[in-house]
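Here is a short briefing on one protein model. Look at the structure, then read the points by topic.

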Amino acid sequence: MAAVDPLASINPYVSLKESPQLGQVYEKLPAKNARFLRYKGVEPSQAKGSSEPLLVFEFETHEVQDIKSQYAALSYTWGHPTLDNFKDDFSHAVICNGQRLPIGLNLYDALQHVYVETDIAPALFWIDAICINQSDLKERAEQVTLMTSIYANAAKVVVWLGKDDADAHEAHALLSEYTPALRNIATELVSGNVEESIGAGAVNLYNDAQLHEKHGLTPRSMDAWRALVRFLSRRWFGRIWIVQEMVFNGAHTICCGPLRFVWADLDLFVSLVFGAQWHGLSFRGLERETSRIARVFAFHREIRLSATAYPDADPRLALLGAEGKLYDFAQSYLLSSAFLEATDPRDRVFALSAFVNAYAGKLGLVPVWLRADYTLETTEVMLRTAQVLVWKTRSLDMMSFVSDLSCRAQSGLPSWMPHFHVPGAVASVESLLNMHQGRKYHAGSLSSAVLTPSDVYLRMDSPGQELEVLGYHMDTVEEVIHFDAGLISLLEVCLRLPQSYSNGQPPVEVLWRTLIAGRTDTAFPAPPETADEFAMFIKAGLIGISLEALEANGRDILLRLVTVLSEIETRCPHPSIPTVAEFNDLLRSVLNDLDACVQMLTALHANSKYRTMISPTHWGQMGRAVFRSGKGYLGLSPHLTQAGDEVWLFKGANLFHVLRSEGPASDGKILLGEGYVHGFMEGEVLRLDGVGFNPVVIR
């Protein structure tokens with residue numbers, strides 16, 4: 001019985017190529033060979049009611065290495081270039097070896113542009129949708145394995161972004177004028193900061209009048225900047241396959257209709273101009289797109305860097321052997337690319353093969369990796385990959401990227417592995433481990449300079465693909481407070497903490513450090529002066545609560561606030577929390593001049609560094625919860641944490657993990673996600689008396 005692709009329905013070219021007539025077109029390919037298109041001209045359409053001329057091609061079969069630099073390869077999207085839910089009727093076609101072959105609208109537009117509208121037509125052209133028999137699973141898998149070589153050996157890669165539109169022309173005009181000036185600005189920045197890296201958003205090209213005047217630039221309207229964002233949000237930029245298509249070949253012709261773009265210019269522009277704060281500009285309705293654009297280009301940059309500097313750029317990797325570096329790289333790629341799109345979710349793993357093999361070759365290794373096999377179910381591909389990574393890395397870092405329980409699809413996969421195959425289901429951006437200083441956590445080791453391998457046992461023969469690890473049950477959650485419960489609820493937690501925490505810190509300091517996971521953007525632990533930023537954050541919060549309460553006649557809210565301030569003043573006073581008298585003075589100032597108060601509140605929000613520190617911790621995917629444990633520990637946990645959940649430290653883990661018992665009839669646990677326990681992120685647990693690690697099964 002012939003092998004069947006369980007996901008055949010999502011690949012439109014499978015059914016299109018199953019007709020008997022195409023059997024003569026797609027003859028069996030020899031090993032290491034690929035089909036290429038040679039253009040022969042046009043002929044009138046034979047379809048009833050169609051006046052559209054058909055492009056005519058003949059297939060040629062060659063071993064890729066034999067025709068190096070004698071062909072071009074196309075990089076494009078199968079679907080619509082800008083619309084996500086476009087339904088293609090495949091009414092367009094080309095002629096290949098005498099047979100009519102239906103193709104999608106975007107591919108048709110690309111071929112018309114290359115062969116009819118311009119003079120960029122190559123002698124031979126490789127296009128995946130046409131040159132691969134998508135209905136032959138064996139050939140499809142073999143050609144996917146060969147794609148790295150196909151793109152690397154091409155004379156150039158023709159990139160088709162789709163037809164031009166008003167946004168594309170606006171973006172092209174903006175980039176054409178601003179990019180030459182940006183190169184000069186970048187040179188000035190580098191020469192003035194030899195020992196420092198230039199961060200994202202370093203250049204304000206939006207509304208810096210002095211910069212515009214100095215470089216003779218025309219100020220652009222907000223509509224022009226929005227057009228640029230929409231252009232860079234075209235679907236091609238966010239596809240997972242285009243990463244290898246761009247990385248393995250540096251010769252690109254990027255086309256959007258008649259417009260031409262240069263990848264290096266786009267990358268320079270995004271890296272220096274697209275900052276997190278956007279210099280105060282508002283992209284309402286396009287916030288997701290602006291963030292995604294920055295992530296796409298940053299990811300391409302990191303992958304390019306991995307070919308040269310990756311082993312030396314991260315000091316942590318000095319602790320790993322060659323094999324450890326390889327699979328750490330593979331895991332990092334898989335997790336950080338989860339936001340990219342793939343028509344076939346299995347391609348998230350198969351597209352990674354090229355980089356695993358290339359990096360393995362550099363290290364002199366033969367990798368253990370799943371070869372492309374389109375007879376496998378998606379969950380099987382993902383599970384096998386996760387098992388290889390856990391087995392080879394002997395690390396539990398993967399668990400930090402499990403999304404909140406409320407965001408997980410019902411897939412039958414174990415709770416310990418991220419859902420790589422679901423876009424947006426990998427908690428990569430908001431992971432504590434992925435924060436700027438996250439790698440400095442070493443809760444399960446006495447030092448970050450000493451690698452402590454995790455004891456991991458994969459129960460691959462178990463029905464639920466269980467993971468057995470050695471762990472220490474640190475404590476049980478007693479109370480959960482969500483950030484959106486408000487500032488008063490967070491302050492009230494201080495009153496339920498010990499007067500002196502396990503590390504000797506007072507309750508308010510424990511709170512402000514916990515809310516930012518103990519770190520700033522540049523330091524871990526956070527320096528003492530961070531308390532001043534917390535004080536500004538508290539002041540802004542108190543003003544906001546006061547204004548809302550006064551507007552809504554919320555006497556109960558004001559009374560509750562005064563009560564908590566009074567109790568903190570009595571039981572655990574701290575300079576960052578105003579006394580009742582100080583709050584009353586603040587309230588009087590609010591009542592006396594509301595306009596000035598609103599201005600002050602706006603300034604406090606705009607300049608609050610602490611607010612920025614909190615954002616990745618609490619305003620990510622569902623946001624993190626603050627928990628208080630039975631022993632009086634304070635920490636951060638997944639959003640759906642509830643009283644009774646357990647906080648565990650696994651041997652060798654950098655962070656804590658929160659587990660939930662399956663029930664009294666089972667000894668298994670469900671992983672909710674990673675956790676932070678204040679005062680215990682640098683191996684302090686290992687110094688406690690009576691600590692022992694015992695087996696725990698995660699399902």
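What volume does the second largest pocket have? Its volume is about 910 Å³. Keep in mind that this is a predicted model. The protein has 22 helices and 17 strands.

**The second largest pocket**
- The second largest pocket is lined by 33 residues.
- Closest to the centre of this pocket are His-80, Leu-83, Asp-84, Arg-235 and Arg-239.
- Helix 10 (287-306) gives the largest share of the lining, 5 residues.
- Helix 7 (222-232) also supplies at least two residues of this lining.
- By class, the lining has 13 charged, 12 nonpolar and 8 polar residues.

**Cavities**
- The structure holds 3 cavities of 30 Å³ or more.
- The largest cavity has a volume of about 370 Å³.
- Its lining counts 25 residues, and the closest to the centre are Trp-78, Asp-128, Trp-241, Thr-343 and Asp-347.
- Strand 3 (72-75), helix 4 (137-152) and helix 8 (241-247) each give two or more residues to the lining of the largest cavity.
- The lining of the largest cavity has 13 nonpolar, 5 polar and 7 charged residues.

**Salt bridges**
- The count of salt bridges comes to 30.
- Arg-35 pairs with Glu-139, and their closest N and O atoms are 2.6 Å apart.
- Arg-35 sits in strand 1 (residues 33-43) and Glu-139 in helix 4, so this pair links parts of the chain that are 104 residues apart.
- Arg-35 is buried, because its relative accessible area is 2%, under the 20% cut-off.
- Glu-139 is buried too, with a relative accessible area of 6%.
- Asp-265 and Arg-183 meet in a salt bridge at 2.9 Å, N to O.
- Asp-265 lies in helix 9 (residues 263-273) and Arg-183 in helix 5 (residues 166-192), so the pair ties together parts 82 residues apart in sequence.
- Arg-183 is partly exposed, at 38% relative accessible area.
- Arg-226 and Asp-223 form a salt bridge at 3.6 Å, N to O.
- Both Arg-226 and Asp-223 lie in helix 7, 3 residues apart, which is about one turn of the helix.
- Arg-226 is partly exposed at 24% relative accessibility, whereas Asp-223 is exposed at 55%.
- Glu-478, Glu-479, Arg-496 and Arg-628 are linked in a network of salt bridges.

**The protein as a whole**
- Buried residues make up 54% of the 699 residues.
- The accessible surface comes to about 30200 Å², and 52% of this area belongs to carbon and sulfur atoms.
- Among contacts with a separation of 6 or more, 74% join residues 24 or more positions apart.

Note on methods. Residues numbered from 1 in each chain as written. Predicted model: local features only at pLDDT ≥ 70, side-chain atom pairs only at ≥ 80, totals over all residues. Heavy atoms only, no water. Helix = DSSP H or I, 4+ residues; strand = E, 2+ residues; numbered from the N terminus. Buried < 20%, exposed > 50% of the residue type's maximum accessible area, 1.4 Å probe, protein only. Contact = heavy atoms within 4.5 Å. Areas by Shrake-Rupley, 256 points an atom, 1.4 Å probe, with all protein chains shown as cover. 1 Å grid on protein atoms, 1.4 Å probe; cavity = no way out; pocket = protein on both sides within 12 Å on 5 of 7 lines; lining within 4 Å. Points joined across faces, edges and corners; volume = space filled by probe spheres on them. Nonpolar A, V, L, I, M, F, W, Y, C, P; charged D, E, K, R; others polar. Salt bridge = Lys/Arg side-chain N within 4 Å of Asp/Glu carboxyl O.
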